[in-house]
Amino acid sequence: MSSPRSLLRRSTGAVVSLLPQGRMLPDEVWHRRHGAIVRVAALQAVGLIVFGAFQGLSPWTVLAGGALVLAPLALAVPTGYSRKLRSAGASASLFTASTVLVQFWDGQTEAHFHFFVMIGLVALYQDWVPFSIGLFIVVVHHGVLGTLEPRFVYSHHAAMDHPWRWMVVHAAFVLAASVTHLASWRLNEQQGLRDPLTGLANRTLLQEFLTRALSRRDDVGVLFVDLDDFKNVNDSRGHAAGDQLLLAVTQRLRACVRSGDLVARLGGDEFAVVIRGGEAAARRVGDRFLASLAQPVLLDGQQVHVHASLGTADASTLCQQRSDLDAAAELLRNADLAMYWAKSSGKNRLVAYAEGMSTAAQDKASLRDDLGRALADGQFEVFYQATVDYRRQSGDSAPAGQAARAKGYEALLRWRHPERGMVSPLDFVPLAEASGEILAIGAWVLRTATRQAAAWTAERGYPVGIAVNLSAVQLASDDVLTVVRDALRDSGLRPSQLTLEVTESVLVGDLEAVSARLAQLRAAGVLVAIDDFGTGYSSLSYLRRLPVDTVKIDRSFVSDLALGGSATLLVASIIELARSLGLDVVAEGVETEQQAEVLRDLSCTYAQGYLYARPQPAQEVRAELPAELPADVPAMVAEPSTLVPR
């Protein structure tokens, strides 16, 4: 149950959030304005002393009035105090000068106009604290002092007889003037605080909104959103279609939040949401948004599937002893780090910030820097994993476990870092895709693999097939067809011996564009395979619409074959559908003879896995596979499921 203090703080914060707010001024601007206001306050004290002397007041009265005006500046001058405290001190000095002027002038109506001049001056702070100080001083001066000494406050009998009634009138005018000043500031500045395409808040407004929420100690969470593979839409359909997609995503994101939350577009395909209620509330909004993206977006009459990576963070992830401004920046950074963690973990998911992500991000940045030099320094290697033809192992003449000839090989990218040792493709391939390095690396893998396959073909006297993975970035490149043709020409490998593998995830973006690009590659004579099939990105019915030759069943289904049940039924369905479409089937991740037996019974065409061979450097690859693996072969390590040269 919330404490009364906590309840009061939340209630006050809710009321304050409804008030019009001015800009969160940069430090340099704020200090420049504050210095000018303090000088005006000090000059007013001197001016009042001179004015009181001309009015014929006693020296003690005049000096006391000047001292009252100067006293609050003790809070305004020290640089170690917060903005709010310093602005409160300067504002108290300005409005105290107004009350002293009224006293020195015997309550003349014209003296009260000074309050409104001060309201205009403190409006430069663009904050409610100075206006609150002015309103408080008006209430005390016009109400309390107006009751005790009405002739020094009011110049007419109606006010002298009813000082509190006239205090309300004066306070209402002061409040109205304050609201007008801040509202005018806000309206004039709106043009620089909104994203021109979506109408959402921009980064500046987001930072100010979050800073104010943290200063009120509100329980807020931040949701950071980045669309997955958005560049593919811009490249394949044009920027106009990309803008339409952003507008559609904006509508869905707005529908997932409440009225008090703030949705901002940070640029490109990045969004952020400040959500009342902390990390739990941010997670609920994120889950709703991911669910909303399950429905495709209609672009130019065609359905496009959109996915996003989301990260969340709340105030509990912040370091202590930070200013509100620094805390807002840190909270956004934490949510951003969580989002990148979600993206590197497979995309289309939500991840909450956890301690250690910052260190991991620094390590990833270092790895990204090293990646830029790896290709030139010769740190990459290509390993090869054999593919077995089950048709040669069927029948009584081919007992299980005998030595078998490799039908072909899959080329798998490896990075031997000079300091880190072997770096997992799961760690460096997403970095290569994000930086664009994957284009050069992928072209190198293609050249290396085709040359090796051509060499094996010449040595063995029969065609040796080679499979090379293409990333989504490579597939979207206009140069991919040229790169493939050049590799085949330079190596002398027949196009029919090369299989280009793309993962099912590329179908998420633009199925028609992907299908057209695959058709171009097949027209060059190469074969096309769908890798990691069955992981959920597409339906089985897509197969008949795609120009492909082979389906590779994901290892997650193969690993469950020994248990029977749904995994066996799904694999059998994929094999049967592929056979009806005239496609070959490769089962990935075969580790046990029991799995192999089930696959042979289901009439699977080919198999690949540690039961037959693990990935090896070219010099260790043999044409004949051993009947049994050494006992020290480790368990299968999953290859990355992203569409990349592995």
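Reader: What makes strands β11 and β12 count as paired in this predicted model?

Author: Four bridges join β11 (residues 465–469) to β12, and the two run parallel. Pairing requires at least two bridges, so these strands qualify. Within this pairing, Ala467 stands opposite Thr499 in β12. On β13 (residues 527–533), five bridges join that strand to β12, also in parallel, and Ile530 is the bridge partner of Val502.

Reader: Why is the pair of Tyr390 and Tyr612 called edge-to-face?

Author: The ring centres lie 6.3 Å apart and the planes meet at 70 degrees. A pair needs centres within 6.5 Å, and planes over 60 degrees apart count as edge-to-face, so the name applies. Tyr390 lies in the loop between β8 and β9, and Tyr612 in the loop between β16 and β17, so the pair ties together parts that are 222 residues apart in sequence.

Reader: How do you know whether Tyr390 and Tyr612 are buried or exposed?

Author: The relative accessible area is 3% for Tyr390 and 8% for Tyr612. Buried means under 20%, so both residues are buried.

Reader: Why is Trp105 called partly exposed?

Author: Its relative accessibility is 32%.

Reader: What makes Arg600 count as a charge over the ring of Tyr390?

Author: Arg600 lies over the face of Tyr390, at 5.5 Å from the ring centre.

Definitions and conventions
Residues numbered from 1 in each chain as written. Predicted model: local features only at pLDDT ≥ 70, side-chain atom pairs only at ≥ 80, totals over all residues. Heavy atoms only, no water. Buried < 20%, exposed > 50% of the residue type's maximum accessible area, 1.4 Å probe, protein only. Phe/Tyr/Trp six-rings, centres within 6.5 Å; stacked < 30°, edge-to-face > 60°. Lys NZ or Arg CZ within 6 Å of the ring centre and 35° of its normal.
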